[in-house]
Amino acid sequence: MSHIVDIALDDAGLPPPTPEIEQERKVAMFDLLEQNSFTLPKRDDRIVPEGPYRVMLSIREKRLVFDIETEEGQKAAEFHLSLGPFRQVVKDYFQICESYYNAVKTMPPSQIETIDMARRGIHNEGSRVLRERLEGKADVDDDTARRLFTLICVLHFGG
């Protein structure tokens, strides 16, 4: 399988992220570039350039946009996904993250662990929704979907 060698977020015009959101972004980008699986399947009779790929994520006109180029800068694909299917899971994810960040400051480890398990469950749901939305457009593994979902949340935070 191919992979992503560069990932960027078009966050121009978005408010600056909180320190927690910025940390989530940095970790997701680092982990994604360390190991990922990202393939563009053949569609109809069109030839799809092989990876590795550079990916730019943005939100334009209330749609999530994947702008994909080869490592050499050749346009490979662009697809737009409705944000509707992500809204509730992103909202739930931000709420549980806020609870988690607050818990880390004041609660015992057992309660923090419970909140963290819920946070991971919601994160898994978000990555499942992303994989469904990418079906036929891009093939990604579970870890790649999780990291991309984190980056989508970062864009949602600003938007």
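The legends below accompany close-up views of a predicted model.

**View 1. The largest nonpolar core and the elements that supply it.** The largest nonpolar core of the predicted model holds 43 residues, and those with the most contacts inside it are Ile7, Phe38, Leu40, Leu57, Phe66 and Ile68. Two or more residues of this core come from each of the strands β1 (4-9), β3 (53-60), β4 (63-70) and β5 (75-82), and likewise from each of the helices α1 (19-34), α2 (84-106), α3 (109-134) and α4 (142-158). In soluble globular proteins, nonpolar side chains tend to be buried together.

**View 2. The surroundings of Leu57.** Leu57 is among the residues with the most contacts inside the largest nonpolar core. When residues up to four places away in sequence are not counted, Leu57 touches Ile7, Ala8, Leu9 and Asp10, together with Val65 and Phe66, and also Leu148, Leu151 and Leu155. Two of these neighbours, Ile7 and Phe66, are likewise listed among the core residues with the most contacts.

**View 3. Strand β4 and its pairing with β3.** Strand β4 is mostly covered, with six of its eight residues buried. Its pairing with β3 runs in the antiparallel sense over eight bridges, and one of the bridged pairs joins Tyr53 to Thr70, the latter lying in β4. The hairpin formed by β3 and β4 has two residues between the strands, and Glu61 takes a positive phi near 50° there.

**View 4. Lys62 in the loop between β3 and β4.** Lys62 is placed in the loop that lies between β3 and β4. Because its relative accessibility is 65%, and exposed residues are those over 50%, Lys62 counts as exposed. Although Lys62 and Ser82 are 20 residues apart along the chain, their C-alpha atoms are separated by 7.3 Å.

**View 5. The hairpin of β4 and β5.** Strand β4 also pairs with β5, again in the antiparallel sense, and this pairing extends over seven bridges. Within it, the bridge partner of Leu64 is Leu81, a residue of β5. The two strands form a hairpin with four residues between them, and in the turn Gly73 has a positive phi of about 95°.

View 6. Since its relative accessibility is 16%, and the buried class is defined as under 20%, Asp116 counts as buried. The side chain of Asp116 makes a polar contact, at 3.0 Å, with the side chain of Arg119.

How values were computed. Residues are numbered from 1 along each chain as its sequence is written. This is a predicted model: local features need pLDDT of at least 70, side-chain atom pairs count only at pLDDT 80 or more; totals for chains, interfaces and linings use all residues. Side-chain values use heavy atoms; hydrogens and water are left out. A nonpolar core is a set of buried Ala, Val, Leu, Ile, Met, Phe, Trp, Tyr and Cys residues joined through side-chain atoms within 4.5 Å. Buried means under 20% relative accessible area, exposed over 50%, partly exposed in between (1.4 Å probe, protein chains only). Contact means heavy atoms within 4.5 Å. Two strands pair if DSSP finds at least two bridges between them. A polar contact is a pair of N or O atoms within 3.5 Å; within protein, one must be able to donate a hydrogen and the other to accept it, and residues adjacent in sequence count only if both atoms are side-chain atoms.
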